Amino acid sequence: MTLASRFTVPGQVWAVATSDPSGPLHVTSYGTNPLETVVTMTGLSGTAEWRRTYPGAGRPRSRLSADGTLWLAYPDRDGRLLEGILPDGSTGPTARPKCGPEEEIGSFVLLEDGFVIAWARVSRLVRAGRSPKAAPPEPRVARYTGEGECLWSTPIVLGAVSYAGVVETGRHTGWESRPRGPWLPEEVGVDAWEPLLVSGDRVAASFTDTRGGIGRTFFLDLDSGEIVSATSPAPSGRKAIAGPGEFLIGSQGYGAFTTGRFGRDGAETARWASHGAMLVDGDGVVSGPELENGLPSTSRFRRLAPGDTLVDGPTLTGYHTSYPAMDREGTTVFWRDGKLLAVDADLAEHELFAMDDSRAVIGRALLLSEGSVAVSLDSEVLVFRTPLGPLAESPWPCGDANLRGNPLLS
């Protein structure tokens with residue numbers, strides 16, 4: 001196993017995607033500051049074919065289509081623009097969905113015939129220096145045609161939130177810690193992890209109290225925008241598509257460390273005492289590295305089995321972890337604690353590469369052709385040569401093995 005190439009892009013990497021396992025790679029990053037977004041197309045060797053710079057909102061958002069068009073969301077004058085960047089770097093189709101002056105695209109998913117957008121208040125970076133405005137807009141989820149025509153828009157009301165592990169202290173408690181009662185968030189934003197997933201005829205949209213991290217996932221009908229169901233308030237966590245119309249919703253923090261499986265009707269069908277970056281293979285088996293928020297680590301690679309039971313895999317050191325990928329033999333590959341690790345179908349661990357590196361900003365792992373694995377670490381992209389086989393045809397969290405970074409299962 002070797003490090004085949006490593007290269008640096010401007011700022012911090014937010015997304016790496018490709019429409020073909022042989023490349024090239026589309027890298028979306030910050031620029032010289034968070035209010036600048038840079039898109040770079042590069043080969044696996046690191047040679048940049050082109051680079052373009054756009055206005056930023058502090059949260060670079062991009063999705064890659066099957067034909068190699070990269071869709072980028074960015075502020076444009078007083079609105080928000082979705083621009084298609086063609087494989088040669090030129091401007092392709094664009095859409096300008098209507099929005100309020102204090103709204104921005106918190107997340108979006110590229111459909112075959114348009115978009116689903118989770119709208120939220122503009123980021124604090126954008127608000128800095130502005131005069132105080134009216135009350136922040138309510139978050140919403142909306143569906144659009146490819147030209148930006150709105151088909152439906154559904155307001156999201158997070159409501160009062162609470163969780164058993166949240167405590168408060170102050171003069172009103174006599175400076176003693178006590179469980180905090182339900183409260184209304186001052187500001188609601190999209191979740192930090194997988195805030196918008198689309199599977200079949202269902203949308204899973206997750207919003208949180210931006211200060212407390214307690215949130216809910218709302219399941220909507222893709223055709224009508226009707227809210228089918230919603231989870232109870234809980235600490236946010238990692239999420240994934242579990243099958244047609246089905247989702248995995250994780251919760252971590254304040255004593256929570258769970259993953260629930262939710263069906264098409266929004267009802268919970270399973271719950272495991274584990275949380276992590278999970279994949280679901282073609283047989284519906286869930287597995288992945290746990291993400292426990294504490295050191296020293298007691299996390300393992302886990303298999304979430306029927307009956308809400310856990311199957312132990314190898315123990316894992318460290319904490320910061322890439323989202324994994326899986327090959328056709330059922331081997332899962334991911335970066336953790338300065339190592340490129342592989343866990344095979346028998347739950348045996350193999351160390352493919354190691355170096356002294358403790359960076360915390362880690363992107364997902366992409367399994368490419370001829371066993372190449374690409375991982376982003378802060379401002380770098382590393383490409384490894386490994387003995388792994390071709391990418392599995394049907395692992396979740398998304399369709400087409402999530403190579404394109406578009407959380408959709410048609």
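1. Lys239 and Asp191 form a salt bridge, with the closest N and O atoms 2.8 Å apart. A salt bridge here is a side-chain nitrogen of Lys or Arg within 4 Å of a carboxyl oxygen of Asp or Glu. The pair links distant parts of the chain, 48 residues apart: Lys239 sits in strand β22, Asp191 in the loop between β16 and β17. Strands (E, at least two residues) are DSSP runs, numbered from the N terminus. Both Lys239 and Asp191 are buried (under 20% relative accessible area; exposed is over 50%, partly exposed in between; 1.4 Å probe, protein chains only).

2. On the basis of the values: this is a predicted model, where local features need pLDDT of at least 70, side-chain atom pairs count only at pLDDT 80 or more, and totals for chains, interfaces and linings use all residues. Residues are numbered from 1 along each chain as its sequence is written, and side-chain values use heavy atoms, leaving out hydrogens and water.

3. An open sheet of 4 strands runs β10-β11-β12-β13, with antiparallel pairing (two strands pair if DSSP finds at least two bridges between them). β10 (103-111) and β13 (150-155) are the edges; each has a single partner strand, so one side of each lacks a neighbour in the sheet. β12 and β13 are joined by 5 bridges. Ala142 stands opposite Ser153 in β13.

4. Arg140 forms a salt bridge with Glu103, at 2.7 Å between the closest N and O atoms. Arg140 is in β12 and Glu103 in β10, so the pair ties together parts 37 residues apart in sequence. Arg140 and Glu103 are buried.

5. Arg6, Asp357, Arg359 and Glu380 are linked in a network of salt bridges. Asp357 is buried at 14% relative accessible area; Arg359, at 24%, counts as partly exposed.
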